[in-house]
Amino acid sequence: MAEAVVTVDGWSALHDTRQFDWTSWKSISEDERNKAIQEFEELIKQWETVEENKEGSHSIFKVVGNKADLMFIFLRETMDELEEIKRAINKSVLGDFLIPAYSYVSIIEMTMHDPMKAGEDRELSPYVKERLRPIMPKWEHACFYPMARRREPEANWFAIEKEERTKLLYEHGMTGRKYAGKVKEIITGSIGLDEWEWGVTLFAHDPLQFKKIVYEMRFDEVTTKYAEFGDFIMGNYLAPDELADYLAL
Ligand code: VOV
């Protein structure tokens, strides 16, 4: 029987996308709009303090397609904190206009089995610790999508030997390394938490790099043979001081 790989796990993640109710937003007074923005900016300041203390991380993106208007990504030590954040958004005045579109709940993970050093366990080095509790880069673009590994009779990821999985992930990692400095990734595990098995969050300065890396990886055996993909969502970074401009009419 194939052996499960032990994972090391880090911060919990909430990807929360919202449609913005522009029609209702237009119907309130400018004064009410300004108050709503100020209140939300205070909320963002609280999240910034958490990030400065390295107790979590957050980023907000303006979604390009019509799947949503905004994508919030939060990383926190506990699921309680993630639920509190969702509630705080919903209780805020701006929250009345942020209509839930889609969400994804997962936990940052790495395997203990080091694909770069087949047969060896990973040390809990400062590098690994940092990857499990990362401060998200404030790069211009992010792309999120959920994934699963195939469980077909002729291609069952969960039935092949650990050494084979390590080898395939090693090849995958080598493709990924070509994108150093261009694409940063956060892999979150969602088995038992959400519909798919992993969440992939990518950051880039140039969105073309998302297309290039995902295309190139389609030729890695781990993807060709074993990967299933959910919907992709792509957004442009919204800096905290841009919120008022974003909402201006
Ligand atoms: C930006 C580049 C980049 C780099 C360097 C990179 C490296 C690595 C390494 C070394 C490892 C193994 C980790 C561990 O836990 O030891 C992984 C793991 C994983 N990846 Fe990755 N990945 C990248 C990028 C990257 C992309 C673009 C994708 C999606 C496209 C595709 O076609 O899949 C992806 C997926 C995954 C997944 C779903 C997992 C979990 C797999 C599992 O089944 O367990 N990933 N990834």
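This is a predicted model: local features need pLDDT of at least 70, side-chain atom pairs count only at pLDDT 80 or more; totals for chains, interfaces and linings use all residues.
Residues are numbered from 1 along each chain as its sequence is written, and side-chain values use heavy atoms, leaving out hydrogens and water. Local features need pLDDT of at least 70 and side-chain atom pairs count only at pLDDT 80 or more, while totals for chains, interfaces and linings use all residues.

**View 1. Lys-138 meets Glu-51 in a salt bridge.** A salt bridge here is a side-chain nitrogen of Lys or Arg within 4 Å of a carboxyl oxygen of Asp or Glu; the closest N and O atoms of this pair are 2.9 Å apart. Lys-138 sits in the loop between helix H4 (126-132) and strand S5 (141-149) and Glu-51 in helix H2 (residues 30-52), so the contact ties together parts 87 residues apart in sequence. Helices (H or I, at least four residues) and strands (E, at least two) are DSSP runs, numbered from the N terminus. Lys-138 is partly exposed at 33% relative accessible area, and Glu-51 is buried at 15%. Buried means under 20%, exposed over 50%, and partly exposed in between (1.4 Å probe, protein chains only).

**View 2. Arg-151 pairs with Glu-197.** Their closest N and O atoms are 3.1 Å apart. Arg-151 belongs to strand S6 (residues 151-152), and Glu-197 to the loop between strand S8 (183-189) and strand S9 (198-204), 46 residues apart. Arg-151 is exposed at 56% relative accessibility, whereas Glu-197 is buried at 8%.

**View 3. Lys-178 forms a salt bridge with Glu-216.** Here the closest N and O atoms are 2.4 Å apart. Lys-178 is exposed, with 54% relative accessibility; Glu-216 is partly exposed, with 24%.
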